[in-house]
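Dear colleague,

Please find below the sequence and structure that I am handing over to you. A summary of the findings follows.

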Amino acid sequence: MNKLQMMQQGGVSKATKTINLSEDIFAGMDFTLRGDGRRIRHREYFFLAKGRDMGFNAVLGFFSKLSSGTGEQLLSRQTFRLGQVLHLPEAMSFYYAHAGYYLTQFFVSMSMPLLVFAWLLVLLSDCEGTLDAFQHCFGEKESAASVMARMLSACFSWLVLFFLVANTAPLFAELWMEVNLKGATAKFVTSILTLSPLMFVFQAKTIGYYIVNEFRYGGASYVATGRGLPTERRPFITKNSKGVYEGLYLDYTTIAHYDGVVLLAGCILVRVASGYSEAEQPNPWVWISAGLTIAAWLYAPYVFNPYNFSRVHFLSDMRSLLAFFFAESGRHWDKWYEATAIKTRRGVRQSVNDIGFFLTVLFMATWYATLNVKATALTIVYSEHELYRLIHAAILLPPIFASLVWCLLVVLVENLFRCRTVAHQSLEVARRWAQQAAKRHQAGGTAGDSSATGGDGAADAGGAPRRSKTVVLQNGLPLALSALVVSAVNIAESVAALSFFLEAGWSRAFIAGLILKWGMSGICVFLIESILVSDKCANACSLPLRLWVRAHRMARDMIVSFIVALPQLPLVLLNWLNDYVCPGCGAHQLLIYRDPGTVERQERVFDLEEATDDGAPRAAAAPKAEVMKEETKPSQHSPSQPSLWSSARASGSPTASASSAPPATASAASSTAQSGGGFSSWFGSAPAAEAAR
């Protein structure tokens, strides 16, 4: 592609920095769309010396940038026009090399949750085994668990191993061409043994998350991935110099951890609902696939984090995690929640008009229909009960009433003592946003992105409660306590409403009811969270709802964080035992650090006595055994044999110091400098190395 020619035919510059984030891709598409047989020849370079040894976070940051850029490409007119004019082979190549790869990663990452959802739906729709006359159960038929077990056993077999290693096939083929079959096989086996499938599964989840979010919300931007050393450890969670919490958990909790915990709970419910009969269980490959997905989504960032299981670092991370939730009545968590969750909300109209919300409502509708059939049959059983209609309604309603009453009482007590809680801070932020939007509207400007955050120094607007003089009550009731109470009363309300299923012995209906109530509670939290962003809700009447939403969100984060953190404790103990038995040789470090396979550097011995015509030392290749022999000489010299540093001090000349020393010592020093051992082991200080040069 000739840049000068492109500049004369419309240029390569683009209108926006968001849509045209991948400027090189758009330049190539424009070049192709201008026709006249223009083609861009692709040349593959085996070695270009641009590769860098990057860590887990840098690699995923790079993929997040590529995925967001691909999402914007799919929404552009260039992609639409290329899809119309390209022939089938070129169109298929264009799809696979651009959007197809990223969309496939999303479909692969969503396959296991959809499988577990369908599995649960079939299992819990089956007859209960008792009081079958009140259900649609006629005659002898095979159980739903046996049908699903036979179907899944036919789909999952040992061939799933080929699917797990499919992502390494391009690497295997490239190494086969560049090296040989033996080297490619050794690299492939090493990758599998060092848990590369975990990396690929988590990478697919990250790619799918970013490309779908680009469709839903937009806002692609350049991500500075950096070239940090892969030996740097990123904490689980920590407080940086600016007082803001960050870490691996906060980086990946919305990307994979939430879905990983939901998938784990779904697999547990499947195991409980399917029974323990051998005929009702699929082959182990189904559970291996599900377990690999769960392990990757929950623990892959920590497996590939250097020194993650070090006892000192782990204890520091746990102290930071507790402070994140419990210190200052949850203000640290609330700041992170405001910055990550609240700012992405655009009002209830935009939140409802979203593909994610539509799919959630669709899934909940299926559970509602399943449970309604069983609830109707149960009300027929208890038709003589005077409150049977109320029982039917209680089964299908979300468990939100007891928690709302709790939050209302807490807000009344905190206002009575004039406490300044996180709910008051969020209200002040909402009022400032409303004031800024009103000023922009009056000035005739367009509504932009509000970057206001809820700081402690915000002015009390519109009669917000003043700061209490009592230190104990100035922050109000801890938000973590409200989160625990809200979770407990929600569970109690759900179990109380579904207890009639347990009395009838309908365990499947009870599990289906728990799933429905959990899903409906999540939808209610999402809708109220979206409503509170509106300017009309910036008043004191919204304080109970703000506390209610934050209590639910904090409870979710507390549960997910402890599920992710606590299973790492046995690995921390094993790592501590490993360091005690064999210090300096950690099994975890051997797992994540691999030989990059680069060409080994050849050793050179500089003969300082003979020089070339221009005065430079003459380099001659030396046998490796001789070099190693010279490197093993002791660093301490005897009094009768002065060191090079003492010779340099006596002569005051670098050339004289090198020539006055024995040839073997000078050769060994040069060999040590070339092999990375350094001059400090021979001379003991940096000036000695400078004098030896």
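**Tyr209 and its surroundings**

Tyr209 touches Thr254 and Ile255, not counting residues up to four places away in sequence; contact here means heavy atoms within 4.5 Å. This is a predicted model, in which local features need pLDDT of at least 70 and side-chain atom pairs count only at pLDDT 80 or more, while totals for chains, interfaces and linings use all residues. Residues are numbered from 1 along each chain as its sequence is written, and side-chain values use heavy atoms, with hydrogens and water left out.

Tyr209 belongs to helix α10 (residues 196–216). Helices (H or I, at least four residues) are DSSP runs, numbered from the N terminus. With a relative accessibility of 24%, Tyr209 counts as partly exposed; buried means under 20% relative accessible area, exposed over 50%, and partly exposed in between (1.4 Å probe, protein chains only). A separation of 8.6 Å is found between the C-alpha atoms of Tyr209 and Ser64, which are 145 residues apart along the chain.

**Nonpolar core**

The largest nonpolar core has 111 residues, of which Phe236, Ile395 and Phe501 touch the most other members. Such a core is a set of buried Ala, Val, Leu, Ile, Met, Phe, Trp, Tyr and Cys residues joined through side-chain atoms within 4.5 Å. Helix α11 (residues 248–273) supplies the largest share of this core, 12 residues. Leaving aside residues up to four places away in sequence, the contacts of Phe236 include Tyr249, Tyr302, Met318 and Val564.

**Helix α4**

In helix α4 (residues 77–85), the buried residues include Gln78, Thr79 and Leu82. These three lie on the same side of α4, because they cover an arc of only 95 degrees around the axis, the arc being that of the directions from the helix axis to the C-beta atoms. Arg77, Phe80, Gly83 and Gln84, on the other side of α4, are exposed.

Leu571, Leu574, Trp576, Leu577, Tyr580 and Val581 make a nonpolar surface patch of about 680 Å². Accessible areas come from the Shrake-Rupley method with a 1.4 Å probe; for residues, only the protein chains shown count as cover. Leu577 is in helix α23 (residues 569–581) and is partly exposed, at 44% relative accessible area.

Cys585 lies in the loop between α23 and α24 (587–592). Cys585 is partly exposed, with a relative accessible area of 35%.

Yours sincerely

Technical notes
Helices (H or I, at least four residues) and strands (E, at least two) are DSSP runs, numbered from the N terminus. Patches are made of residues with over 30% relative accessible area and no salt bridge: like charges are joined within 9 Å, nonpolar side chains (Val, Leu, Ile, Met, Phe, Trp, Tyr) within 5 Å. A salt bridge is a side-chain nitrogen of Lys or Arg within 4 Å of a carboxyl oxygen of Asp or Glu.
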